[in-house]
Amino acid sequence: MAADGLDGMENDKQQQQRGEEEVKEQQDVSPDMLIKHPLQNTWTLWFFKIENNRTWEDCQMEISSFNTIEDFWALYNHIEPASHLKVGCDYSMFKQGIKPMWEDEHNCRGGRWLINLNKQQRASELDNFWMEVLLLMVGEAFEDHSDEVCGAVVNVRSKGDKIGVWTADAKKNESILKIGHVLKERLNIPRHVSIGFQAHTDTMVKSGSTAKNRFTV
């Protein structure tokens, strides 16, 4: 009986130690993260508004970063919808550490899928398209090719708005086409309407109003 009693006391002690270790592990984790759903990447939202006395790069303002789906929605619901931005303004959302500009080392060898919207679509489709693009990115919906996605930009312009999904390497054809097909399917873009992929290097040296598409879907 004495041995049984010692064994029981030892088991109780071990269970207590395990319990204390579990409590310590939980204390080491931010309380918010225990109830929030972490994303695979941290993302940063940017806002662009041209100002005459500042350079183009200085006009890019970093708004906030987030790494959980709850913090994404808190941010998204707190800002003006894209359709309410003044003409000439942009929203950009990129993985943390990547600036929304061609010259960034993560973007310079890449390109973008470009979705053009007419003036009427600003009221009817722009916000839904932009939100769906953001959800595709934070949800890593491009599967094995999600690592190729750098971010996305929405441009509000007088001639028509644009949404661009930026990728890292314009030579990775398989990834580019997969991303394009997912985009077109999830945005419910009609089959007879094409979207094109342009390399940033082509856009930089374009001679006309638009760069040549390397791919279309």
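**Close-up 1. Glu57 and Lys99 are joined by a salt bridge.** In this predicted model, the closest N and O atoms of Glu57 and Lys99 are 3.4 Å apart. The two residues belong to distant parts of the chain, for Glu57 sits in the loop between strand 1 (38-48) and strand 2 (60-68), while Lys99 sits in the loop between strand 3 (90-95) and strand 4 (111-117), and 42 residues separate them. Glu57 has a relative accessible area of 39% and is therefore classed as partly exposed, and Lys99, with a value of 37%, is likewise partly exposed.

**Close-up 2. Asp90 and Arg157 form a salt bridge.** Here the closest N and O atoms lie 2.9 Å apart, and the pair again links distant parts of the chain, with Asp90 in strand 3 and Arg157 in the loop between strand 5 (149-155) and strand 6 (161-167), 67 residues apart. Asp90 has a relative accessible area of 5%, so Asp90 is buried, whereas Arg157, at 27% relative accessibility, counts as partly exposed.

**Close-up 3. The side chains of Lys172 and Glu148 meet in a salt bridge.** The distance from N to O in this pair is 3.1 Å. Because Lys172 lies in the loop between strand 6 and helix 6 (173-186), and Glu148 lies in the loop between helix 5 (126-138) and strand 5, the contact ties together parts of the chain that are 24 residues apart in sequence. With a relative accessible area of 40%, Lys172 is partly exposed, but Glu148, for which the value is 11%, is buried.

**Close-up 4. Asp144 lies in the loop between helix 5 and strand 5.** Is Asp144 buried or exposed? Its relative accessibility is 73%, and Asp144 therefore counts as exposed. This view also takes in Lys178, which is 34 residues away from Asp144 along the chain, and the C-alpha atoms of these two residues are separated by 9.5 Å.

**Overview. The structure as a whole holds 9 salt bridges.** That number comes from a search of the whole structure, and the salt bridges shown in the close-ups include Glu57 with Lys99, Asp90 with Arg157 and Lys172 with Glu148.

Methods
Residues numbered from 1 in each chain as written. Predicted model: local features only at pLDDT ≥ 70, side-chain atom pairs only at ≥ 80, totals over all residues. Heavy atoms only, no water. Salt bridge = Lys/Arg side-chain N within 4 Å of Asp/Glu carboxyl O. Helix = DSSP H or I, 4+ residues; strand = E, 2+ residues; numbered from the N terminus. Buried < 20%, exposed > 50% of the residue type's maximum accessible area, 1.4 Å probe, protein only.
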